[in-house]
Amino acid sequence: MVTGKGGTGKTTAAAALALALASGGHRTLLAEVEGRQSIARLFDMPPLPYEETKVAAAPGGGELYGLAVDPKAALLDYLEMFYRLGRAGRMLEKIGAVDFATTIAPGVRDVLLTGKVYEAVRRRETIREGSAEVERPVYDAVVMDAPPTGRITRFLNVNEEVVGLAKVGPIRNQANSIMTLMRSNLTAVHLVSVLEEMPVQETADAVAELEQIGLPVGGVFVNMVREPFLAPEALEAATHGALDRSEVLAGLAAAGLGRRSRATGNDTSHAALASALLDEAAGHGERVAMEHNERGELLSLGRPTYELPALAGGIDLGALYQLAGLLGEQGAA
């Protein structure tokens, strides 16, 4: 499961992780549960239907499938699976009972969303190996693009609440099975952050909350990392306003930037440009120092940390493959 503060690129990180896990001939499912059709947009596809759909091929012959979980359809599946309602379940939809259950009833929506992903994790298929038939999971890995950190604990713990409310029956049994899987060593909740104060603080808070309810925290994905534009010594000087102004002026002149004032003969435009560049360099130095401190805060959480660069060209399918390769190299998959 992949979570993160809004704006940190958690969906991009989840997709890159899913691609990395599919590499080498594996089959991976990437599921989203927020109804935003983010997977379709990332992979430049029409909106996904409520069924597992192949969205990409992974290096080494792997396959990546996508699933946009719809709570209404998941409830109808649930009614058919546990109560064999069939057409009666469709009648419930017509009279509005399904809308009620998925929008009004507390926690039901999240139970259905996690339940659909749980079903994909436990599903098996029979394949032939030599002369024998063996049973194996349909997917080698399932990645959930989960809700943001602000509500991830409640989202993942909702089945525990249902276990407490439903004393007997299939609802309790399924909720109990889901929580068992979530707390097992088959599951990891990864957190995505950027090197800014609020996302880092939300990440730290989420780690503490997840640990408190016994859910396994995985790694921290530091997204949109930018390399400093200046060498370390120059960066230190820029931060303290100690860059040599004459060198900046000489560089501007050598590059043919700015022009000499006809009235005074002074390089006034050069001077203005130099002042702007020195201010920009000082701001850049302060930001790099801040990012260094925030990186230290993330490292102090004691979790594996993986870094993904900021890509100037934005995120397209080629960029996802690039990020997936980087995650593979860093051992995230």
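At what angle do helix α1 and helix α13 pack, and how far apart are their axes? In this predicted model, helix α1 (residues 10–22) and helix α13 (residues 317–329) pack at an angle of about 65°, with axes 8 Å apart. Axes are lines fitted to C-alpha atoms, for helices over the stretch in contact, and angles run from 0 to 180 degrees between N-to-C directions. That makes α1 roughly perpendicular to α13, a class that covers 65 to 115 degrees.

The model is predicted, with local features needing pLDDT of at least 70 and side-chain atom pairs counting only at pLDDT 80 or more, while totals for chains, interfaces and linings use all residues. Residues are numbered from 1 along each chain as its sequence is written, and side-chain values use heavy atoms, leaving out hydrogens and water.

**Helix pair**

The crossing of α1 and α13 is right-handed, meaning that the near helix is turned clockwise from the far one by less than a right angle. On the α1 side the contact (heavy atoms within 4.5 Å) is made by T12, A13, A15, A16, L17, L19 and A20. On the α13 side, L320, Y321, L323, A324, L327 and G328 take part. By class, the contact of α1 with α13 has eleven nonpolar, two polar and no charged residues. Ala, Val, Leu, Ile, Met, Phe, Trp, Tyr, Cys and Pro count as nonpolar, Asp, Glu, Lys and Arg as charged, and the others, Gly among them, as polar.

**Chain**

The chain has 13 helices and ten strands, taken as DSSP runs (helices H or I, at least four residues; strands E, at least two) numbered from the N terminus. Of its 333 residues, 41% are buried, which is to say under 20% relative accessible area with a 1.4 Å probe and protein chains only. Among contacts with a separation of 6 or more, 68% are between residues 24 or more positions apart.

| Residue | Relative accessible area |
|---|---|
| T187 | 14% |
| L67 | 1% |

T187 is found in the loop between α8 (170–182) and β8 (189–193). A polar atom of the T187 side chain lies 2.8 Å from the backbone oxygen of L181. Leaving aside neighbours within four places in sequence, T187 is in contact with M1, L181, M182 and P216.

L67 belongs to strand β4 (residues 62–68). Not counting residues up to four places away in sequence, L67 touches L29, L30, A31, E32, I39, L48, Y50, E51, E52 and K116. The C-alpha atoms of L67 and K54 are 9.0 Å apart, with the two residues 13 apart in sequence.

How values were computed: Angles under 35 degrees count as roughly parallel, over 145 as roughly antiparallel, 65 to 115 as roughly perpendicular and the rest as oblique. Buried means under 20% relative accessible area, exposed over 50%, partly exposed in between (1.4 Å probe, protein chains only). A polar contact is a pair of N or O atoms within 3.5 Å; within protein, one must be able to donate a hydrogen and the other to accept it, and residues adjacent in sequence count only if both atoms are side-chain atoms.
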